[in-house]
Amino acid sequence: MKILYDSPSQIITVNAGGKKYKRGKELSKVDLLENHSIFVENGKIKDLVPSSSTHKIKYDKKIDLSGSIVLPGLVECHTHSAFYGSRSNEFLMRLNGATYEEIAASGGGIISTMKNVRNASFEELVKFLEPKIKSFISQGVTSLEIKSGYGLSFYDEIKLLQVINYFKNTALINIIPTFLGAHTYPPEYKNEKNKYLDLLTEELFPYISQNKLANFVDAFIEKGAFSVEDVNLIFERAKKYKFNLRLHTDQFSSIGGIPLAIKHNCLSADHLEVINDDDIKLISKSKTAAVLLPGVSFFLDHKYAPARELIDNNAIVALSTDYNPGSSHINNLQLIMQLAALKLRMSAEEIISAVTINSAYALGISENTGTIELGKDADFAIFELNEYSELIYNIGVNLLKYTVKSGNIIYQKAD
């Protein structure tokens with residue numbers, strides 16, 4: 001199928017010149033095209049054609065994009081979307097002064113969601129997750145990472161990964177499964193932590209690897225969760241099974257996660273709200289992406305990650321929602337983009353690079369998506385706007401017109 005996406009007001013290509021990511025000042029270069037059209041053939045970007053020359057193109061279908069802008073399909077690189085139930089009561093507790101750590105210590109937090117997931121069937125989890133994926137698609141997301149981590153037993157972690165893989169095989173967008181069994185220690189292993197580490201690495205790793213249920217192994221370094229020593233062991237064993245690695249770190253405490261992430265060549269280190277100056281310099285010299293999650297800071301009224309310092313030190317910065325039921329019940333990536341402007345002091349161009357090519361890099365898929373370049377997948381987010389600054393300016397308003405995956409319109413705004 002040959003499709004012409006004809007004459008948008010702007011095409012924001014985020015052209016990386018064949019590179020897999022943008023770092024530092026490169027984030028501010030998004031390579032704007034005007035008076036051009038996009039020619040798609042068999043799901044790939046075949047050409048970027050001056051609109052005055054489109055009469056020379058032979059196509060099967062033409063989509064009129066006048067009054068619209070085209071971005072690469074948005075990439076959502078860090079979510080905990082596979083959960084069950086609600087934690088609205090904890091939200092009210094926080095409004096009354098309880099901290100995230102206090103709620104977790106009282107049996108809430110991750111453990112509360114764990115109980116809900118363990119009691120839910122595969123079918124219930126599928127039904128609960130499906131509208132969340134559709135919501136992301138309606139925002140222009142064409143690649144979506146989803147973590148396990150709320151089962152915390154062999155059976156329930158596999159159940160969650162099977163749910164995620166159900167959508168990997170049936171959803172219209174890229175679904176990237178991540179194994180986060182190292183989210184927190186479940187209550188039954190509170191006094192036998194070594195046994196839980198063995199469960200993760202000696203039982204779950206081989207099963208997940210053999211059945212190809214996850215692209216990544218992730219872990220959470222934090223006081224009250226996993227130590228640097230714990231995660232070092234987890235990552236050493238994960239590499240034996242050829243898993244790619246990512247890491248939650250420096251959310252509430254800076255206790256050595258950044259050096260560990262770099263030691264193990266993690267594709268990303270995520271959160272970084274309390275990263276220190278030495279570790280900013282360390283990650284900025286590495287190929288580990290700094291995935292920032294301003295929705296968490298907004299939702300918890302917590303410190304924001306130092307995006308400006310990271311970018312100014314030449315880091316690879318990405319953005320994501322961290323959508324989850326407790327600390328960031330926000331599944332709106334466009335809102336995250338707007339928070340990044342208001343709270344992280346990022347420019348519109350830096351934000352666009354962070355939710356496209358750099359988020360794709362954090363998932364290991366930037367060779368195929370994340371920019372509008374010849375030969376890449378024809379993944380687009382098309383907005384009813386005349387210029388891209390309006391995307392950041394219109395806070396809380398979804399102006400998406402089409403989501404395009406591999407050349408096909410998979411979501412269209414209702415008239």
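Modeller: Before we look inside, a quick rule: Ala, Val, Leu, Ile, Met, Phe, Trp, Tyr, Cys and Pro count as nonpolar, Asp, Glu, Lys and Arg as charged, and the others, Gly among them, as polar. Keep in mind that this is a predicted model.

Colleague: Okay, then which classes make up the lining of the second largest cavity?

Modeller: Five nonpolar, two polar and one charged residues. The lining consists of His 271, Glu 273, Leu 292, Leu 293, Pro 294, Ser 297, Ala 305 and Leu 344, and the volume there is about 30 Å³.

Colleague: And what about the largest cavity, how much space lies in it?

Modeller: About 110 Å³. Its lining has 13 residues, with His 80, Tyr 100, His 183, Asn 324 and Ser 327 nearest the centre. By class, that lining splits into four nonpolar, seven polar and two charged.

Colleague: Now the sheet. How do I read strand pairing?

Modeller: Strands of a sheet pair through backbone hydrogen bonds, either parallel or antiparallel. Here, eight strands form an open sheet with parallel pairing, in the order E8-E9-E10-E11-E12-E13-E14-E15. Strand E8 (74-76) and strand E15 (317-319) are the edges, each pairing on one side only. From one strand to the next, the twist averages 25°.

Colleague: Which residue in E13 is the bridge partner of Leu 247?

Modeller: That's Ala 269. Strands E12 (residues 244-249) and E13 (residues 268-271) run parallel and are joined by four bridges.

Colleague: Which strands does helix H6 touch?

Modeller: Helix H6 (residues 193-211) packs on the sheet against strand E10 (174-182) and strand E11 (216-219), its direction making about 150° with that of E10. Helix H12 (residues 333-343) lies across E8, strand E9 (141-147) and E15, at about 95° to E8.

Technical notes: Residues are numbered from 1 along each chain as its sequence is written. This is a predicted model: local features need pLDDT of at least 70, side-chain atom pairs count only at pLDDT 80 or more; totals for chains, interfaces and linings use all residues. Side-chain values use heavy atoms; hydrogens and water are left out. On a 1 Å grid over the protein atoms alone, a cavity is a set of points where a 1.4 Å probe fits but cannot get out, and a pocket is an open set with protein on both sides within 12 Å along at least five of seven lines; lining residues have an atom within 4 Å of a point. Grid points are joined across faces, edges and corners, and a volume is the space filled by probe spheres set on the points. Two strands pair if DSSP finds at least two bridges between them. Helices (H or I, at least four residues) and strands (E, at least two) are DSSP runs, numbered from the N terminus. Axes are lines fitted to C-alpha atoms, for helices over the stretch in contact, and angles run from 0 to 180 degrees between N-to-C directions. Contact means heavy atoms within 4.5 Å.
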